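Here are my notes on the model you sent over.

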Amino acid sequence: MASPANAAAAASPESICGSGFARITGGTQPVKTSSGRRYGTVYLLYNRSNGYNCVVTIKSSFVGTKTPVSAELTVMPKPIKDTKQDPTVRRDKGNFKSYAGPVKYWAEGRCVKFWGTIKPLGHDPAVASGGRQKWGNCG
């Protein structure tokens, strides 16, 4: 599901997700507080050779300090006539120094959503979040 390992500084979402993964259109979203403070970026990548998506949330604030970070991928199953299906949700969350993820799941031909959060420690209650909550990348 998700790797707990966390390098001190992540070079790129591609290096975290691994060989064959590339950023997709609309797959780079800021992770911001409601007041607009940006704490990082959430990325959605796709591997054409195996049909997997990958989500990573990379911190740009509080790097090197373990703070609550999450990366989430939601995949809609292929529709089956007259059958309601629940989406599959995969998530990596915990206290990380630089990023959460990679969260990978097979999604060839399926619609996906992605989301990331970053919360500072201490007295600052502001949680930053971002991603896409509408279904997309349905090819």
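Is Tyr 39 buried or exposed? Tyr 39 has 3% relative accessibility, so it counts as buried. Keep in mind throughout that this is a predicted model.

1. **The aromatic pair.** Searching the whole structure turns up 1 aromatic pair. Its members are Tyr 39 and Phe 62, arranged edge-to-face, with 4.9 Å from centre to centre and 75° between the planes. Tyr 39 belongs to strand E2 (residues 38–47), while Phe 62 is in the loop between E3 and strand E4 (67–75), so the pair ties together parts that are 23 residues apart in sequence. Phe 62 comes out at 31% relative accessibility, so it counts as partly exposed.

2. **Disulfides overall.** The whole-structure search gives 2 disulfides. If you number the bonded cysteines of the protein chain in sequence order, they pair 1-2, 3-4. As a reminder, a disulfide is a covalent bond between the sulfur atoms of two cysteines.

3. **Cys 17 with Cys 54.** Here the S to S distance is 2.0 Å. The link of Cys 17 and Cys 54 is left-handed, with -85° about the S-S bond. It connects distant parts of the chain: Cys 17 sits in helix H1 (residues 13–17) and Cys 54 in strand E3 (residues 52–59), 37 residues apart. Both Cys 17 and Cys 54 are buried.

4. **Cys 111 with Cys 138.** The sulfur atoms of this disulfide are also placed 2.0 Å apart. The link of Cys 111 and Cys 138 is right-handed, at 120° about the S-S bond. Again distant parts of the chain are linked: Cys 111 is in the loop between strand E6 (99–106) and strand E7 (112–118), and Cys 138 is in the segment after strand E8 (128–136), 27 residues apart.

5. **Ser 12.** You'll find Ser 12 in the segment before H1. At 19% relative accessibility, Ser 12 counts as buried, because the cut-off is under 20%. Which residues does Ser 12 touch, not counting those up to four places away in sequence? They are Arg 23 and Ile 58.

6. **A charge over a ring.** Last one: have a look at Lys 113 and Trp 135. The charged end of Lys 113 sits over the Trp 135 ring, 4.5 Å from the ring's centre.

Definitions and conventions
Residues are numbered from 1 along each chain as its sequence is written. This is a predicted model: local features need pLDDT of at least 70, side-chain atom pairs count only at pLDDT 80 or more; totals for chains, interfaces and linings use all residues. Side-chain values use heavy atoms; hydrogens and water are left out. A disulfide is a pair of cysteine sulfur atoms within 2.5 Å. Helices (H or I, at least four residues) and strands (E, at least two) are DSSP runs, numbered from the N terminus. Buried means under 20% relative accessible area, exposed over 50%, partly exposed in between (1.4 Å probe, protein chains only). Contact means heavy atoms within 4.5 Å. Rings of Phe, Tyr and Trp (its six-membered ring) pair if their centres lie within 6.5 Å; planes under 30 degrees apart count as stacked, over 60 as edge-to-face and the rest as tilted. A charge sits over a ring if NZ of Lys or CZ of Arg is within 6 Å of the ring centre and within 35 degrees of the ring normal.
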